[in-house]
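This report is written for someone opening the entry for the opening time.

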Amino acid sequence: MPSFAVVTFGCQMNMHDSTRMEEVLRGAGYAPAQDVEGADVVLLNTCSVREKAEQKLRSEVGRLGQLKRRRPDLVIGVAGCVAQQEGERLLRALPQIDLIIGPDNIPELPRLLADLDTGGLPQVRTVFDVDAPSFLSARPRPGSAGATAFVTVMKGCNERCSYCIVPHTRGPERYRPAREIVDEIATLVRAGVREITLLGQTVNSYRDPEASLPPGPLVAERRWQHTRGSLARQDETEFPALLYRIAEQVPELLRLRYTSPHPRHLTASLIRAHQELPVLARHVHMPVQSGSDRVLRRMIRRYSAAEYVERTDALREAVPDLTLTTDVIVGFPGESDEDFEQTLELMRRVGFVGVFGFKYSQRPFTPALQLADDVSEAEKGRRLERLFATVDERKVAHLTSLVGSTQRVLVEGRGKVQAFSATAGEGTASYTGRTERNEIVHFDAPWDVTGEVLEVTIREAYKNSLAGDLQELPPRRAPAASAASSTRPGGAQPSRVGQDGRRLLPVLG
Ligand code: 5AD
Ligand code: SF4
C-alpha cells in the first residue's frame, strides 16, 4: 500500500484542508507514513499570505529534492495557496515538483496521483469550483476524533483588502448549505468532538445558498453612531441565524467558536446571538489590522476605528468578561508614527488580551503593490515589538487576575508544559486545555482526561498560559469508550497538532 505524508503551513483553513486530503487519500487506499522521509507521496500544503511562508516552501522543496535524488519514485505535491497562486510557474521554478493542486481540487487527488503512477507528466490542477462549489465533509474514523474540530461554512473572500492575496488564491465567496454544516457538526459530536470552530475567510458574511435560514436582521435594527443606517443594513448576513440553527439542532455540542470574522459583520443580530446562546464561547478573534482611519482606508477595510470600538463595546456589554484578540499589520505603506500610535491606543482602548502582529509584506496581485513599501524593515521590527509589549502588558494582567479562580477547562490533550503540581505522582502526565475565554490551562492528571470538561483551580500565570490543579478527578474511562481520546497509548495527542506532528498556526487570512 503506498504511503503519504502531508506537511501543513499556515492557517486553520490549511490545517482543515490537510485533514480532508488525508481522508481522500486513505479512502483511495493510501496509508499514512511514519514520517516524511519514508513516504511515497509528500504533499506540502502551502500558505502565501505573507512572504516568509512562501520562502519556507522553497526550502522544504529543496530538502525533499535531495531525498528524491535517492528515491526517484518519490512524488512531491504542492497544495494550498502558493499552488493556486503560482500554478505552472512553480513547476518551472522547482522542477522537483510532480503535482500542483489548488484548494478546490482536493477530491481529484487520487486520479492525479494514479496518472503520475502510470508515467504521466507533472500535473497542475488549480481550478476554482465557482459554478458548483463543493465542501468535503469530515469522515472521522472510530476513536480518531479529538476534543475539537473545524467545520468550513464558506470559502473564498469578496473583500478587497488592499494588502491581501487571499481573494486571488481562494477565489470568490462560496457558501456551504446550512443543512450540510449542521449534519457535519452532528456527525463530529457523535464521534466525541466537544468543541467546533466554524471556519471561513470572512466567516460572518455567511448566507445559506439553499435559503433555509431566516434572512437577517433577526433583531430590530440598532442605531450605530459610527455606521450609516444603509451601510449597516448591507452588512446583515445569515451568520447569526446559522448559529441559532446549530445550537437548536445539535444541543449536545459543548462549545462553538468561529474564525475569522470581519468587523463590519459584527451586527446587532450577531451580538444578540452571543447574548442568547450559551454554546458560544466568550472569546472572539476579530482582526482590526490598524487603529488609524487613514491606514484603514488605504487598506480598504471598510470600517473606522470608532466603528470597531463601538461594535466591540456593544459585544462586551452584551457578554460581560468576553475576551477579544486581534490581527494587526505594522508598517503598511504610508503608516506614520502618528498612525502607529493610534494603533497602540486602540489596543489599550479595546483591551485585547492577544494579538497576532505581522510586518507588512508586499504580495503579488494585491492593490497595495501600487503603494511604495516605504516603512523600513527596522522600523517595522520596532513597531512590532511595541505592539507586542502593549498587548502583553494587558495579557499578563488578565492572566494574573485569574490566579486563585476556578476555571472550566475543555481538555484538548497531553501538554508539553509540566504543570508541577504538588500532588504529581507516578503515572501523572501534563494535560492542556482551554477555557471558554480561550485561556490555555496546564494541569496534571493521573490518566487520560482528553475531551473532559474539568474544574481547574489556577495556581500560576505564565506569559501566555495558566497552570493549575484539578478540583476533582473524573472517573477513569476505558480507552474504547473514550471517543475523544487518541488511539496512542498513554494519552491523546494535543488537538492543535496534526497526526504527524504538524503545528497549527492560529489565524487565517
Ligand atoms: N502582509 C502582512 N500581513 C498580512 N496579513 C494578510 N496579508 C498580509 C500582508 N500582505 C495578515 C493580516 C491577516 C492575517 C491572517 O495575516 O493581519 O488578518
Ligand atoms: Fe478577505 Fe481577510 Fe484578506 Fe481582507 S484580510 S481580503 S477579509 S481574507
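Helices here are DSSP runs of H or I with at least four residues, and strands are runs of E with at least two, both numbered from the N terminus. The contact (heavy atoms within 4.5 Å) is made by Ala305, Tyr308, Val309, Thr312, Asp313 and Arg316 of H12 together with Leu346, Arg349 and Val350 of H13. By class, five of these residues are nonpolar, one is polar and three are charged; Ala, Val, Leu, Ile, Met, Phe, Trp, Tyr, Cys and Pro count as nonpolar, Asp, Glu, Lys and Arg as charged, and the others, Gly among them, as polar.

The axes of H12 (residues 305–318) and H13 (residues 337–350) come within 11 Å and cross at roughly 15°, and the two helices are therefore roughly parallel to each other. Axes are lines fitted to C-alpha atoms, for helices over the stretch in contact, with angles from 0 to 180 degrees between N-to-C directions; under 35 degrees counts as roughly parallel, over 145 as roughly antiparallel, 65 to 115 as roughly perpendicular, and the rest as oblique.

## Basis of the model

The model is predicted, so that local features need pLDDT of at least 70 and side-chain atom pairs count only at pLDDT 80 or more, while totals for chains, interfaces and linings use all residues. Residues are numbered from 1 along each chain as its sequence is written, chains are lettered from A and ligands numbered from 1 in the order in which they are written, and side-chain values use heavy atoms, leaving out hydrogens and water.

## Sheet and overall dimensions

Six strands form an open sheet with parallel pairing, in the order E2-E1-E3-E4-E5-E6, where two strands pair if DSSP finds at least two bridges between them. Helix H1 (residues 12–27) lies across E1, E2, E3 and E4, running at about 175° to E1.

The protein has 14 helices and 19 strands, and its C-alpha trace spans about 65 × 60 × 50 Å along the principal axes.
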